[in-house]
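Here is a short briefing on selected packing features. Look over the sequence and the structure first.

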Amino acid sequence: MTASSSLNVVFHGARIVDPVSGRDAEGDLIVRDGAVVTRLGDSHEDFTHVDCRGLVIAPALVDLHCHLREPGFEEKETIATGTAAAAAGGFGTVCCMPNTRPPLDTVARVIAFSEMVRRDACVKVLPVGAVTLGRRGQSLVDVRGLADCEVVGFSDDGDYVADTVVMRDALSRAALVGLPVIDHAQDGRLVAGGVLNEGPVAKRLKLRGMPAEAEELAVARDIALARLTGGHVHIAHITTARAVEMVRRAQQEGVRITAEATPHHMLLTEEDAVVVDSSGVNCFNNQAKVNPPLRGKADAAGVVRGVDEGVIDAIVTDHAPHTVADKSGSPGEAAFGISGFETALSSVLTLCHSGGLCLLRALHCLTVGPAGVLGRRSICPGLESGTTAHLVLFDPDATFVVDASRFLSLGKNTPLEGRTLRGRVLATIVDGRCAYASELLPGKCMGGRPLGTGRGDLSDSVPGSPDPT
Ligand SMILES: [Zn+2]
């Protein structure tokens, strides 16, 4: 990706929501040569004009937690397909977890990964390094070496760092380089063999459950270790109301702890994991198998409250694409994970429409919130004049039915298939270039330079195509 660009657009009459500056007002936003400016300048004819009445412009979204699967699992996703899907979801920056094959646990592997990103990605990709070699939970990685390769944090995501001494050392060393340890907080032995939340639905379906306490025990331990070391622990995909309260109390006490939540753990519950088969029998929907699992109503509400009240800093996708075969078989055999990029913003906006969340807070948690967790405000430059255009345009009210066959992600695995959601992404501009333009966008064009001609035009990048540079 390059910063230079011939992108010239006027977005007319948008609601401009910029959590960086606190601006929330209707107005025109002008992008000239890929940068936000206050005036059109002399040569108007080069501009695309978009009718944005009823639409929202916000900074391009930041995702702290996703799985791009490359290297090693290219049948599930690649950097090219994953970042195309991210752009279609409104994301301009994504942080990818290191559980690739091989994992991102050495300097050489992170450097090789960054080369692939430079070649294939159409949004910014920031790697997270592993905590331990081979993600085996035993020997720490070269924390300083990986930090020098610009990893944004350390995580053995997918697995809990079970050894308390290893986690203590990880927090201490990560603190020395100013980075967080991102904690898949869940006691592994308590959830071994589990399929869904340990609760009434697991009982009904006679399936092994994963108790909320497995998460709460891990959160309690890692609060204690963050206090002990002064390190920064970031709780990944928090799912229980009690865990949120533990994080709140630790924050009040001054422990360096942040947290993230996924749209699916807020919008869905364990009841959404039940489907009725052709013979009328209740059974488990493998598409809803996710780790940590969907919880009950009270926990989902507790997580939403945590976002609303500022305990949870970031809303993340935990985008975890899988092949059809990976998600097939018995509930015990099916892989964990949801393909999340292309439904995340819509899921959040659906929550906003139902009154569960306020739009400003939600957008904060999708932009400056995650940037702040990483201590990298620069990845969310905001929409003020003079900044490189880095934004998402979306229709907050549009309704649509989720059809995974239309995802740009190779992963079509979603429990939201067939559900009606509110809110659609129309365009994503990354570093002054159009990374995604929806097929709905030409309908919003109101003259000026026609869409579909020339570089830098809003329809220049066909969804799914790699960046031209
Ligand atoms: Zn995880």
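The buried residues of α11 are A344, L345, S346, S347, V348, L349, T350, L351 and C352. That is nine of the 10 residues in the helix, so α11 is largely enclosed by the rest of the structure. The model is a predicted one.

**Around α11**
- G355 follows α11 and has a positive phi, near 85°.
- The loop between β16 (314–315) and α11 (344–353) holds F341.

**The aromatic pair**
- The count of aromatic pairs comes to one.
- F91 and F341 form this pair, with 5.9 Å centre to centre and 50° between the planes.

**Helix α4 against helix α7**
- Helix α4 (residues 164–176) packs with helix α7 (residues 212–229) at an angle of about 45°, and their axes are 9 Å apart.
- That angle makes α4 oblique to α7.
- The crossing of α4 past α7 is right-handed.
- From α4, the residues in contact are T164, M167, R168, L171 and S172.
- From α7, they are R221, D222, L225, A226, L228 and T229.
- By class, this contact of α4 with α7 has five nonpolar, three polar and three charged residues.

Definitions and conventions: Residues are numbered from 1 along each chain as its sequence is written. This is a predicted model: local features need pLDDT of at least 70, side-chain atom pairs count only at pLDDT 80 or more; totals for chains, interfaces and linings use all residues. Side-chain values use heavy atoms; hydrogens and water are left out. Axes are lines fitted to C-alpha atoms, for helices over the stretch in contact, and angles run from 0 to 180 degrees between N-to-C directions. Helices (H or I, at least four residues) and strands (E, at least two) are DSSP runs, numbered from the N terminus. Angles under 35 degrees count as roughly parallel, over 145 as roughly antiparallel, 65 to 115 as roughly perpendicular and the rest as oblique. A crossing is left-handed if the near helix is turned anticlockwise from the far one by less than a right angle, and right-handed if clockwise. Contact means heavy atoms within 4.5 Å. Ala, Val, Leu, Ile, Met, Phe, Trp, Tyr, Cys and Pro count as nonpolar, Asp, Glu, Lys and Arg as charged, and the others, Gly among them, as polar. Rings of Phe, Tyr and Trp (its six-membered ring) pair if their centres lie within 6.5 Å; planes under 30 degrees apart count as stacked, over 60 as edge-to-face and the rest as tilted. Buried means under 20% relative accessible area, exposed over 50%, partly exposed in between (1.4 Å probe, protein chains only).
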